[in-house]
Amino acid sequence: MAKNKSEGYLSAKESRQIAKANRKVINDLEKKRKRKKVPESEYLTTMHDDKNAVEFDNLHTYFFTDAGVVKSVDGVTFEVPVGKTVGVVGESGCGKSVTSLSLMQLLQRPQGQIVEGEIRLNLGDKAYDIAKMPYEKLQDLRGNFVSMIFQEPMTALNPVFRIGAQLEEVLELHNKDMSKDDMKKRTIELLEMVGIANSEGVYKMFPHELSGGMRQRVVIAMALACNPKVIIADEPTTALDVTIQAQVLDLLRGLKSKINSSIMFITHDLGVIAEMADYVVVMYAGRVVEKGTTEEIFENPAHPYTIGLMASKPVVGKQVDELYSIPGKVPNPIDMPNYCYFKDRCNMCVGQCDGAYPGEISLSDTHKVSCYRYSGNEKKGV
Amino acid sequence: MVTYDPQYILMVDELKKYFPIKGGMMSKAVGQVKAVDGVTFNLKRGTTMGLVGESGCGKTTTGRTILRLSGEKTGGQVLFNGKEVYDLSKKEMRALRTKMQIIFQDPFSSLSPRLPVGEIIGEAVREHDLVSKAEFNDYIDTVMDECGLQPFHKARYPHEFSGGQRQRICIARALALNPEFIVCDEPVSALDVSIQAQIINLLKSLQRQRNLTYLFISHDLSVVEHISDVVGVMYLGNLVEYGRTEDIFRNPLHPYTKALFSAIPIPDPKAKMNRIVLEGTIPSPANPPSGCKFHTRCANCTQRCKEEAPVQREVEDGHYVVCHLYDK
């Protein structure tokens, strides 16, 4: 029995017990969610800083599975300033995408739940806490104020509808009084904006008639249809070739300055981050391990994970005999250790690392790291 | 026709592979997709050749055609250790299969979900009678150990492994046959950065130990620069530039190579971008442009490029390019 447990196997009885306990928690949360006519005062909140478009504050998003509770996002705090691009990097499974899905309330419910924390969204004259907002209310903001560019342009489009119809759906939903002709005009305008030359033709096409790069442009056009203030780009270029990637990045940069929105850019490609982002957030196993401006992170990476990540990527023009590879693997998300999550893979451990998970240490006003190596070097007065 | 030179393990001359487009009532061929349209290169023993290019340019088909995995070739020659691969009988081909192996791109779909790992790795070894029955188990253990897998993994099934470990299983499967030449078809594209580094290091150390020859297909130029000795750049079924890695990266000649290299994102926020953005997308290989196939997207296009196809010429020692710009 003990042997099996260490390898992550569960007996049916144990699994049933877990499922029962989960159901209790989920039912409570779902009951709260499903109330009708939630007063606005319940999710009205104030921003800590008016210059931020989005503030994630101690966000916890858990998935209640029959094998145990997966803490996908476990206390994530960072801000997206107005008109800036924030890059989020990390390995697959570190909670990057779940963080963005929490902001859109697109989590797989009822298993996926925001159990703690706030996501404050700045609407200009007021601020809403997305974590507490009812689903129907968010429908008005989603696509309109916050929108998302998905990773797979192949699966993000519906194969049985024409491109024009799919783009018009977004416009129709958010602009009730728009006429059919105006909608078509706007759709063609959008297609031209993302650099599709044959916009009239593409309007009538089906997704399978387009190449990967073109499809990604359509997905971007769809996300930008209502001039959103916050754009979440979830690995928008991972599935594309370098030359097409360069085109899409150029396009996003141009559009950002045109409509002055904030972008949350999720990727695992450090090169893309360096090029696109103003601020960088490095995530590991559901937590933010380091954040700062792009210059700070790339010139002076502080957390051992960030340093390892930079060293393991081959760079054109730099010849090394052997690439650095971070030893070990990410801890099991169901059974996280109670010390620093990176300790078992870290080659720079100090004595304190056996203690509790390290708190956030400020190296400068913007550069923050969660690592005991810096506990003595805190910037004075912060 | 090329004559065999023993220093090269693989000699590919004007290799062509066309796929028919079937249409109409009787499903007869109405056109051809020229996936590989005249590729020529020689590969020295114990070295790595990187093959880069956009998706759909024929990189993978080149790899598969060399291994005789996609039916008959349309034209050209493939000499492996001096023997024409396509002239071998079924029996001879079967024996040769152990010498040339392939590692596929997607470690999730290239492993049978119904076989335990030991069987996946050992199946071909038993089939080819490479080791005696008594030694079989030990042999599989050694191969797995070389690839960084534990012996107790043998009884497990592929779904129990992470992406990086699955790619190790694929590598072990190829290595178990003791091959001389391995086609690596985007072996790290589906993996995370930190896992990528582990797999690349593994491939490099195995090459040193066993004097392996790789054909490394990838669209990630930084990985290709790291692992390859020579690099070939493909565009629409043609090898447009070919040479030593240092030469190609230091001094790219073909306009397509230049554009490709300028599109690599550099992980340094202060790096200056002098990007050559290619307009449009890769033309259809069923109906390639006349003359130089790249002329529709080329910034230096002249009238001559539209009419006359350029031929391969050696610009500096061992650095070949197919472009009218370098005509003397």
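## Cavities, a pocket and the A–B interface

A search of the whole structure, a predicted model, finds four cavities of 30 Å³ or more. On a 1 Å grid over the protein atoms alone, a cavity is a set of points where a 1.4 Å probe fits but cannot get out, and a pocket is an open set with protein on both sides within 12 Å along at least five of seven lines; lining residues have an atom within 4 Å of a point. A volume is the space filled by probe spheres set on the points, which are joined across faces, edges and corners.

| Space | Volume | Lining by class |
|---|---|---|
| Largest cavity | about 60 Å³ | eight nonpolar, three polar, no charged residues |
| Second largest cavity | about 50 Å³ | eight nonpolar, two polar, one charged residue |
| Second largest pocket | about 590 Å³ | 14 nonpolar, six polar, two charged residues |

In these classes, Ala, Val, Leu, Ile, Met, Phe, Trp, Tyr, Cys and Pro count as nonpolar, Asp, Glu, Lys and Arg as charged, and the others, Gly among them, as polar.

The lining of the largest cavity includes Cys292(B), Cys298(B), Cys305(B) and Cys323(B), together with His254(B) and His324(B). Among the residues lining the second largest cavity are Cys340(A), Cys346(A), Cys353(A) and Cys371(A), as well as His303(A) and Lys343(A).

The second largest pocket has about 590 Å³ of space. It is lined by 22 residues, of which Gly143(A), Phe150(A), Glu169(A), Val170(A) and Met222(A) are the closest to its centre. H5(A) provides the largest share of this lining, six residues. Helices (H or I, at least four residues) and strands (E, at least two) are DSSP runs, numbered from the N terminus.

At the interface, 43 residues of chain A are in contact (heavy atoms within 4.5 Å) with 38 residues of chain B. The two chains bury about 3400 Å² between them, 55% of it on carbon and sulfur atoms; this is the accessible area (1.4 Å probe) lost on being put together, summed over both. In chain B, the most area is lost to chain A by Val193(B), Pro267(B) and Pro269(B), together 18% of what that side buries.

The rule finds one salt bridge across this interface, a salt bridge being a side-chain nitrogen of Lys or Arg within 4 Å of a carboxyl oxygen of Asp or Glu. Lys313(A) forms a salt bridge with Asp220(B), with the closest N and O atoms 3.7 Å apart. H6(B) gives the most to the side of chain B that touches chain A, with nine residues.

Residues are numbered from 1 along each chain as its sequence is written, and chains are lettered from A and ligands numbered from 1 in the order in which they are written. Local features need pLDDT of at least 70, side-chain atom pairs count only at pLDDT 80 or more, and totals for chains, interfaces and linings use all residues, while side-chain values use heavy atoms, with hydrogens and water left out.
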